[in-house]
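Student: I've got a model open and I'd like to work through how it is put together. Can we take it one question at a time?

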Protein chains: 4
Amino acid sequence: MISNKTEIRITYADTDKMGYCYYGNYPRFYEIGRTELMRKLGLSYKELEESGIMMPVLSLNIKYIKPAFYDDIIVVETFIKEIPTSRIVFEYEVRNQYSDLINKGETVLAFVDDKSRKVVRVPDILFDKISKHL
Amino acid sequence: MISNKTEIRITYADTDKMGYCYYGNYPRFYEIGRTELMRKLGLSYKELEESGIMMPVLSLNIKYIKPAFYDDIIVVETFIKEIPTSRIVFEYEVRNQYSDLINKGETVLAFVDDKSRKVVRVPDILFDKISKHL
Amino acid sequence: MISNKTEIRITYADTDKMGYCYYGNYPRFYEIGRTELMRKLGLSYKELEESGIMMPVLSLNIKYIKPAFYDDIIVVETFIKEIPTSRIVFEYEVRNQYSDLINKGETVLAFVDDKSRKVVRVPDILFDKISKHL
Amino acid sequence: MISNKTEIRITYADTDKMGYCYYGNYPRFYEIGRTELMRKLGLSYKELEESGIMMPVLSLNIKYIKPAFYDDIIVVETFIKEIPTSRIVFEYEVRNQYSDLINKGETVLAFVDDKSRKVVRVPDILFDKISKHL
């Protein structure tokens, strides 16, 4: 299993009138989680894009357990548990500074050729970096 | 079945460097969809909150099918298909101006007492408005 | 003077824990205002971009007068008061549903060639549409 | 002069179809800058709010000089140069990882009593922390 933890501070912009971090901010936090996981693996998403591969999101699931509040520091733990094919699954667990589970979720992303906008198989360079850990 | 359609114009702010509407904007568009559906039912979410009931989101699922692009007018169709209990399920289908299905999703929301922050049953006033259509 | 009014409904996503529409949302609302003003003039920003001209923002000023609240319908009135050169100035007045002035502001945008990323003069097609009203 | 530097990574969510960090994201980055400056002074904005004082924004000015791009690490340097009265002025300079100036700006914020929603003078506890450096 591959994983990485990233800290994010909840800003005023993130809050809503309930005083909670708005539910629609977490997809952005999940993006930060998977980006930092890829960077740790040694292939940044930016480099992958520059090599001509984009990774659009195919599905998103979030189960909200507790709210996060203004100025909380949340920790997004991101996991890759399976070898990617033409898709890659990232799982997420978000905890607050008291280690309470805030939410958990999953995104599935495709590999798409920048020019043709067609789905392709996982690039070898990414496959190699992941498969040696799984 | 209860449903409502709401049009939303994709702004520059909504786009990302892929040229697509960023995947993380759709929870916000779903919020607009369910808010307008409630308004059409005759009980705005604002009035419900003023009566002391909040509706935090318990889960979110989105299946992304096609991208939306800058300046597209998307139509968020929102559905209530089941009588709510202590939870209410909203389903969503998002189409572009060519009637292509962009994505579909679901949110489950709780009813929570503003003061105690405890889960409560669906308020009678909302139950009545929904049950007469289902 | 050229002007246009656009209505925007304040969403839950827009609010912050103070219960106000977050101050950082107004640049997005100003974008909607100037986009709809250009559409009314007969040259959408999308068409302008497709012709190879981008309009990055050079400066932004906002004077906040009153807060907007959840579910308010604000009206963004956008003005062009001067013939553009290599820059175009949009002014904005935002009012709520009670006609209270919420804020006023100004953005200055450049015309930039998509390929060279150099500043250019206002495209003739836009100049013609504006100058006949000023 | 009081100042603090905060690093922010530009996410995919922050980008627009021009490939730039959207102009409307900087007010959020400025918020992060001033929040971290206050934390460094020893009085977090959260604590100030808990003591009954809110700080709504009265005005915002930004001069955009260069774009920031996806995955850039920008540094928001935030300054307090004047003793606050019933208002406090924060200035900002944003640079990218090559030390290029991206934009500079200013926000003026009021001190408002949470209950009465009236403007008040700078709280003594904040005045003391600022005045000993200026």
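Student: Let's start in chain C. How many bridges pair strand β3 with strand β6 there?
Tutor: This is a predicted model, where local features need pLDDT of at least 70, side-chain atom pairs count only at pLDDT 80 or more, and totals for chains, interfaces and linings use all residues. Residues are numbered from 1 along each chain as its sequence is written, while chains are lettered from A and ligands numbered from 1 in the order in which they are written. Helices (H or I, at least four residues) and strands (E, at least two) are DSSP runs numbered from the N terminus, and two strands pair if DSSP finds at least two bridges between them. In chain C, β3 (residues 57-64) and β6 (residues 101-110) pair in the antiparallel sense, and the bridge count is seven.

Student: Which residue stands opposite Ser59(C) in β6(C)?
Tutor: Strands of a sheet pair through backbone hydrogen bonds, either parallel or antiparallel. Look across from Ser59(C) into β6(C) and you land on Val108(C).

Student: What is the strand order of the sheet that holds these strands, and which strands sit at its edges?
Tutor: It's an open sheet of 10 strands with antiparallel pairing, in the order β1(C)-β4(C)-β5(C)-β6(C)-β3(C)-β3(D)-β6(D)-β5(D)-β4(D)-β1(D). Each edge strand has a single partner, so one side of each is left without a neighbour in the sheet. Those edge strands are β1 (2-9) of chain C and β1 (2-9) of chain D.

Student: How many bridges join β3(A) to β3 of chain B?
Tutor: These two strands run antiparallel, and β3 of chain B covers residues 57-64. The number of bridges joining β3(A) to β3 of chain B is five.

Student: Which element gives the most to the side of chain A that touches chain B?
Tutor: Two residues are in contact if their C-beta atoms, placed from the backbone, lie within 7 Å. The contact takes 18 residues from chain A and 18 from chain B. On the chain A side, the elements giving two or more residues are α1 (26-41) and β3 (57-64). With eight residues, the top contributor is β3(A).

Student: How many residues does chain B put into its contact with chain D?
Tutor: A rotation of 180° with 0.0 Å of shift superposes chain B on chain D, RMSD 0.0 Å. The copies meet through the same surface, because 100% of the interface residues of chain B are also interface residues in chain D. Chain D gives nine residues, and the number from chain B is also nine.

Student: Is Leu126(B) buried or exposed?
Tutor: Leu126(B) lies in helix α3 (residues 124-131) of chain B. Leaving aside neighbours within four places in sequence, Leu126(B) is in contact with Leu43(B) and Leu48(B). A residue is buried if 20 or more other C-beta atoms (placed from the backbone) lie within 10 Å of its own, exposed if 12 or fewer, and partly exposed in between. Leu126(B) has 21 within 10 Å, so it is buried.

Key:
Least-squares fit on C-alpha atoms with pLDDT ≥ 70 in both.
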